[in-house]
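Good morning, and thank you for coming.

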Amino acid sequence: MGNLLEGKVAVVTGSARGIGREIAELFAKEGADVVVNDVRSGSADQWIGESEFKDRLHPFYFDISDSSEVRKNIMDIKKQLGHIDILVNNAAVEFNELIGMISSENMEKMFRVNVFGTIEMIQAVSRVMGRNENGGSIINISSMVGLRGNPGQMVYSATKGAVIALTKTAAKELAPKKIRVNSIAPGLTKTEMMDQADIEKLQGRINNISMGRIAMPADIAGGCLLLACDYAAYISGQVLPVDGCTIM
Amino acid sequence: MNNEKYESVFTSVFNVDKEVLNENFTFKAVDEWDSFLHLTLISELEDAFDVLFESEDILNFGGYENGKKILEKYGVDFGE
């Protein structure tokens, strides 16, 4: 257990499972009080209850794409925990559809959560974070497909490309308030959803990873910790690939 | 107390005496009230009253008296 985030309050969206959960647990392990957010009420209760750091993990269930819910919950978090120093915009939805088979419903849902939800959170949290003497750190989880594209992921990659673009603008606009804004771009990452995938089909993609393996959620969490802590005080507006040196 | 707090934010942000704060103190009438001071005012009011304004309320916060009505929507009582 370290103390890189001691005294800090972090909000991690979409942290009931997968990468978000790993980030929340690592931040708590490093001393932060962590707001565990997810849209599904009660979805993180079990693992929080079993965690060694449960006293530092605070579930707040709300929809990040609903501006009224966001504002209400951000104020409740501030009242309960005093301040917000770190925001990780991790919540996202992903539907992989080839061109010609893309549904409007899925397209709208991906943009609503991945882009509009991220913007709602930045709008609300930056106003609370801006009141801190030392500002804070916002980390937006994008994706390598947002930088490079991938067949079957036109809409998803577009949302992640938007996340990269908004990261750069937010970094410039929020710098005077000492708020840093960066993005982590994960490569192929093992999550619960991938357990159902055909490993043989994935092997072709794994062969393109110089480090010879796909990322684990802990790898992504490590990148987030790097950008969240004060050692990154002069890093803003950057996109950090965490992809094991992938050759796409 | 809320009236004094509200008044104090305005006198501090605009660097004016409290005597000039009335229904005529508006975005249109006060030359110094530019977009930068507007956001500073909003930020100071949010801090003072522990609220987060909706975007529409930030855009419509166009005057000293009108601002009180907007804050009342967030539970701030000026009828003391």
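A residue is called buried if 20 or more other C-beta atoms lie within 10 Å of its own, exposed if 12 or fewer, and partly exposed in between, with C-beta atoms placed from the backbone. By that rule, 45% of the 248 residues of chain A are buried.

Please note that this is a predicted model, in which local features need pLDDT of at least 70, side-chain atom pairs count only at pLDDT 80 or more, and totals for chains, interfaces and linings use all residues. Residues are numbered from 1 along each chain as its sequence is written, while chains are lettered from A and ligands numbered from 1 in the order in which they are written.

Let me turn to the overall form. Chain A contains 8 helices and 7 strands, these being DSSP runs numbered from the N terminus (helices H or I, at least four residues; strands E, at least two). Its C-alpha trace spans about 50 × 35 × 35 Å along the principal axes.

Next, helix 4 of chain A, residues 104-129, bends by about 35° at A:F116, the bend being the angle between axes fitted to the seven residues ending there and the seven starting there.
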